[in-house]
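Morning, everyone. Please bring up the structure, and we will walk through it together.

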Amino acid sequence: MKIAIIGGGKVGYYLVKTLLDRGKHSITLFEKDEDRCLDIAEELDCLVIRADGTEVDSLALAGAEDSDVLVAVSGQDQDNLVACQIAKTRYHIEKTIARVNNPKNHNVFKLLGVDATVSSTGIIAQLIEGELSLGDVHTLLTFERGELELIEAVVSKDARYVDKKISELGFPKNCIIVAVYRSGKVMIPSGSTVIRVDDKVVVMTLTRNKENLKRFLE
Amino acid sequence: MYVIIAGCGRLGAHLATSLSDKGLDVAVVDGDSKNFSKLGFGFDGITVIGVPIDEDVLRKAGIENADALAAVSQDDNLNIMTALIARDMFNVPKVYVRVGDPEKAEFYRKEYKLETLSLISYGSDFIEGLIKDYSSRDRGAVR
């Protein structure tokens, strides 16, 4: 794949390294600081351009206008946004991915046309909350830009669906049980699988149905 | 009329003071409170400390009631993002964006319909005009 990366800080650097380890990619990295550029160019097998990747001509001048993906991982959300917008609108790059430092900016970026956003702060907060959630229902993963969630719940003995077949449960709409863990074993269930106490069920649900699902599970 | 000025550098401060003196309601947003000292003692509006791309900061500055917003910091990209949030998320009727880089100003004006102002372009064109006037007067050349 041909990849353009804006930002040669820690994230950009490790991203290049990781991508090169994973496959044959042609990577162009844009970084403003000269010393940083020299260090990265010396060590990694990618084209390093000392330039502001958010200038309108930058990608073209570097020969990266036909990239398959543009990834903006600088430390500033506004720079990442502009890089993605220019990539999409001027260069018609199909996929744009931006790092967002402030998790609140996910919505803004989505509204303004960025395909995917990643916030490590958001993920870490989710992990923290996942570990500390009260009650036995918690979110494992969110994807499709927040529209789909994977939820895990432990079946308690008071649950009304204990000892019932999945097909008889009257499960809420837009949710599906994708896995059941029981005594260290994982099962992909079918309609005739019976749910028992202490089972851990993993459910895929549309985020907008999450509350219904939670009420059902508790 | 309620105006939000995002960025209290020399331009922002001058603009905010001028508008406030004319009786408009002004709110100034800047991440560094020291910059508010540029506003002078007579300044009649409100100041909000924070980054203008933060929804909460903008709400604190009253963006939901704003008639206009001018994004005038020295950071082009910050101004662009602020303007897009103001217009597309908060539906502020009039949004003005300072973008120093002439190509970027033109790009965002054309592709995103932002009211961008490249002071570098204007300043350069203006001075060029003065120089042309001067040289044609002096030598009688018609240009």
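Let's start with how the two chains meet. The contact draws 19 residues from chain A and 20 residues from chain B. Keep in mind that this is a predicted model.

How much area is buried between chain A and chain B? About 1700 Å², and carbon and sulfur atoms give 60% of that. On the chain A side, A:Gln78, A:Thr89 and A:Lys104 lose the most area to chain B. Together they account for 28% of what that side buries.

Now the helices. Helix 4 of chain A, residues 77-89, packs against helix 3 of chain B, residues 76-89. The angle is about 80°, and the axes are 8 Å apart. Angles of 65 to 115 degrees count as roughly perpendicular, so that is what we call this pair.

Which residues make that contact? From helix 4 of chain A: A:Asp77, A:Gln78, A:Asp79, A:Leu81, A:Val82 and A:Gln85. From helix 3 of chain B: B:Asn77, B:Leu78, B:Ile80, B:Met81 and B:Leu84. By class, that gives six nonpolar, three polar and two charged residues.

Next, the cores. The largest nonpolar core has 53 residues. Those with the most contacts inside it are A:Leu59, A:Leu70, B:Ile4, B:Leu69 and B:Tyr108. Helix 3 of chain B supplies the largest share, seven residues. Apart from this core lies another, of 18 residues, including A:Tyr161, A:Ile177, A:Val201 and A:Leu213.

One last stop: B:Leu69. Leaving out residues up to four places away in sequence, B:Leu69 touches B:Ile4, B:Leu58 and B:Ile63, among others. Its partners also include B:Thr82, B:Ala86 and B:Tyr96.

Conventions
Residues numbered from 1 in each chain as written. Chains lettered and ligands numbered in written order. Predicted model: local features only at pLDDT ≥ 70, side-chain atom pairs only at ≥ 80, totals over all residues. Heavy atoms only, no water. Axes fitted to C-alpha atoms, helices over the stretch in contact; angles between N-to-C directions. Helix = DSSP H or I, 4+ residues; strand = E, 2+ residues; numbered from the N terminus. Parallel < 35°, antiparallel > 145°, perpendicular 65-115°, else oblique. Contact = heavy atoms within 4.5 Å. Nonpolar A, V, L, I, M, F, W, Y, C, P; charged D, E, K, R; others polar. Core = buried A, V, L, I, M, F, W, Y, C linked by side-chain atoms within 4.5 Å. Buried < 20%, exposed > 50% of the residue type's maximum accessible area, 1.4 Å probe, protein only. Buried area = accessible area lost by both parts, 1.4 Å probe.
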